[in-house]
Amino acid sequence: MNAKNPSEKQEEKVIDTTRQAVPYQTGNIPGPKMARAVMPAVPGKMLARAKRPLLIVGSKIDSEDVLARVVAMGKAGIQIASVGDSYKYLADKGLDAHYMNMHALASYLCDPQWPGLDGKGGYDLVVFFGITYYYASQAISALKNFSNIKVISIDKYYHPNADMSFGNLKQDVFIAALDEVIAQLPK
Amino acid sequence: MTLKKGSFVIEGLENVQINIGKVGAEEEEIAQGPTPRPEIIGLRDWDYRIIDRYNPVYTPTGDTCDFCTYGKCDLTGNKEGACGIDLEGQSARQALMVSIMGAACHSAHGRHLLNYLIKKYGEDFKIDVGPSNLQAPLTETIMGIQPKTIGDFRPVLDYVEEQLTQLIATTNTGQEGAARDFESKALHAGMLDLLGMEVADIIQISCLGFPKSDEKAPMAEIGMGILDPKKPVVICVGHNIAAPAYILDYMDKNGQFDKIEIAGLCCTAHDMTRYNKTAKIIGSMSKELKYIRSGIPDVLVTDEQCVRADILKEAQKLHIPVIATNEKITYGLPDRSNDSVDAIIDDLVSGKQPGVVLLDFEKIGELVPKLAMKMGPIRKAKGLTALPGDEEFKKLVTKCTKCLQCTRDCPQSLPISDAMAAAVNGDLSLFEILHDKCVGCGRCDYSCPADIPVLNVIEKASQRVIREEKGKMRIGRGQIGDPEIREEGRNLVLGTTPGVLAFVGCGNYPDGTKDVYDIVEEMIQRSYIIITSGCSAMDVGMFKDKDGKTLYERYPGRFVKGNLLNTGSCVSNAHIAATTIKVASIFAGRKTKGNWEEIADYVLNRVGAVGIAWGAYSQKAFAIGTGCNRLGIPVVTGPHGTKYRRAFIGKPYRKETWNVLDGRDGSVINIEPAPEHLMITAETKDELMPLLAKLCFRPSDNSLGRAIKLTHYIELSEKYLKKLPDDWHIYVRNEADLPVAKREQLMKLLGEKGWKIDWEKKKILEGPLRKVDVSFQPTNVPRLCKEVKK
């Protein structure tokens, strides 16, 4: 899969998403529990196996290559919470995407009574990328401390408040990592 | 013999009581509500009502607690620490502490001014804030008194200080443990903050000749490019007008305004222009480091609040003397208040001392202009600046290795290395863009492993745009006058004016200053009333349209729809909150004195006002927001606001939290989520605008008002998020609530959702949560119902 088109066959390339697993913003050190750095196959398989996964994307999905990966994941049947102003990029893509405020979403995900974005109940796995770094980090600190939901960052930055995260990645490695996640999803 | 305050009787005249102290105060001090001078749990029932609907949401920045020697304790996953507090409780305790800090700042500012102004003008100096009978709405509502003189504010600040001490005590390890009660106390601190601000601004408006509810206050110049750097330059930094007023008076008296440039940074600048319209404004706190490093200032005068901790260190490098005029910030400098002006000037000019503490205002007034006249020629002859020369600049940008460490340390994660690379090829445009987005913190300087002084490089590259940075801001007007409320109150409560949007707070914007301008322009064109204060008020005036006009020049400053008002400095925020009390009192005839709960209940259910602190950074901004929340006013911050660690977010899917009582008979009515949240963040300006429109909905809207509000909510969502809002229909109570231009289309969509519609008559028969009832009296307070239904 090349950087521009996730539907094409992926080129053979060994990537390691566990390097540089230190908080992207230098001072963002929350405490003794920080995310385990993982290879892309891990979130890919967890997404594929989850009963009720949710992908959260934010305002940083505007580049063509990243947006193509959001669409590919949405087409694979993963429901999308479109936070910030990201819905404007997804409006015409025919996805199961719902606008939601990230701060409110963090609150609702911690509430067992929340019926979800579609009224079908809460989620057992949250995966995210493309959200303003510190904003995502703060929002998921609520999930880390006040919910039992598994949270995985597949963003290009290491997110210590997630359960699992990629390290800090260069753009081409990030795109390749997303493709590896997508490769694990049901066709 | 000196008579002290108190009461006594004279022998033989046992029926006559002699009171020494305030004369005639008793009649005014009769409270009309049940909670004059509420103690720290005096409004807890109201707080619980708020918290039960708008649940505190905690987003900790750290998962440990290190307040006491038991710690550090790991509270991850809401575990308890050694003292028994869990992370929820600890987060709520932090919210309380942040609120206390903010409230203490504004109230201590008020105390400093009050002591000074009473000493100068006497405690019987009359309050005069403009054409208003309700001159001190917050004081009346909280204290149950109607102050007439500045001396009447003494017991008000006594009360604030005593309450803050009680609140601080609750934060000690082993005291309060329940998150819910920490939050109630945080709301109390927020309310005290509003009160402290009101005192500070009313007394300075009254005594110092500031504009008094003046919708036509003159314009002030603003921007980094407005000063003539060839003249001696005095820059005052902070929030307290006391010292700068003396400098301005001295310069005025000695005809020095054409010889010396004087301007302010942060809220001192606001109050300098309110005091003397000749003064100028450089900008917000974000400009402090940038402007000092430009080398343009010849003297720096600091007072209090929002003054960078490194000002002395930065100034010393460029031989800029610092005059610290307030006890709260003294930088380890010697107190020279008892020395002669000439002796102090000698020591500063020679560099023997980098700065002084000077607390004698008369001396400050004389010293600063004299010092500027001496320092100006010396410094300008040396060409002192921290910015690199052209050749050095070229060398510096080539040193960048693109390691991205600066980006990782930047609060905004700015793409600095891209700008460096472009500059190597002579393209400065990326740096010019960064200049507006950069908050001027200087963290990048420390992070660069190649020792590039990054901020200096950004500023050097941006000289062209800095020279053009010249805007206009209407000087702070102070309160909204009673006549304006009479004219506009009805429109607000019925919703035919879509809302009041108050842009307040600091400059820690997620994507630059221009966003605030863009948001205000969009919303004012939609006839919202826009009120500004503090750094946001400045930043709104920094940009111009194609005709070269700022928003302040394009829109008038009256409290009516489609107007743009600047109330003034940080402490003028009190007037924005107080405006909602005025609406409750003047338009609806609600009693104010000692009646917080009823007033706040009215505001929450009827007044479509929202605060926006898009760049909030300080504890003060959090306290202001929390105070507004207790008064029933929702607040939205930018994404950095999540680092305040607590929000109040409503859950529309929990129907039971959206019950109100009908004041006519106490019956329970399930309402639409209006307002949906009390404190929340948005990621971008495009997300913010529809959210603001939504947060202006109130249960009391009449159909015309609801249709207007719904129009803006839908249009803004379609414009910026490219979608019809998912929840638009829950705000529809009957067909008249639908926006006229989209009525057909929306009615069809309602039909698809299963609503029963009489298509011939174009009437909604079934579907809405509730019907429109023009007599509906929504309240969350059972005692306010005329007859409580069993």
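Keep in mind that the model is predicted.

Start with the count. Over all chains, there are 19 aromatic pairs. I'll take two of them.

The geometry is edge-to-face, with 5.1 Å centre to centre and 85° between the planes. Now, where do these residues sit? A:Tyr108 is in helix α4 of chain A, residues 102–109. B:Tyr653 is in the chain B loop between β19 (646–650) and β20 (659–662), so this pair joins two chains. What about burial? A:Tyr108 has a relative accessible area of 4%, so it is buried. B:Tyr653 comes out at 18%; the cut-off for buried is under 20%, so B:Tyr653 is buried too.

Next pair, within chain B. B:Tyr116 and B:Phe361 are also edge-to-face, at 5.0 Å centre to centre and 80° between the planes. This pair links distant parts of the chain, 245 residues apart. B:Tyr116 belongs to helix α3, residues 87–121, and B:Phe361 to helix α12, residues 361–382. B:Tyr116 is buried at 11% relative accessible area. B:Phe361 is buried at 12%.

Back to A:Tyr108 and B:Tyr653. They belong to one aromatic cluster together with A:Trp114 and A:Tyr123.

Last, charges over rings. Which residue lies over the face of A:Tyr134? That is B:Lys643, 4.5 Å from the ring centre. There is another case at A:Tyr87. Over its ring sits the charged end of B:Lys723, 4.8 Å from the centre. In both cases, the lysine is in chain B and the tyrosine in chain A.

Notes: Residues numbered from 1 in each chain as written. Chains lettered and ligands numbered in written order. Predicted model: local features only at pLDDT ≥ 70, side-chain atom pairs only at ≥ 80, totals over all residues. Heavy atoms only, no water. Phe/Tyr/Trp six-rings, centres within 6.5 Å; stacked < 30°, edge-to-face > 60°. Helix = DSSP H or I, 4+ residues; strand = E, 2+ residues; numbered from the N terminus. Buried < 20%, exposed > 50% of the residue type's maximum accessible area, 1.4 Å probe, protein only. Lys NZ or Arg CZ within 6 Å of the ring centre and 35° of its normal.
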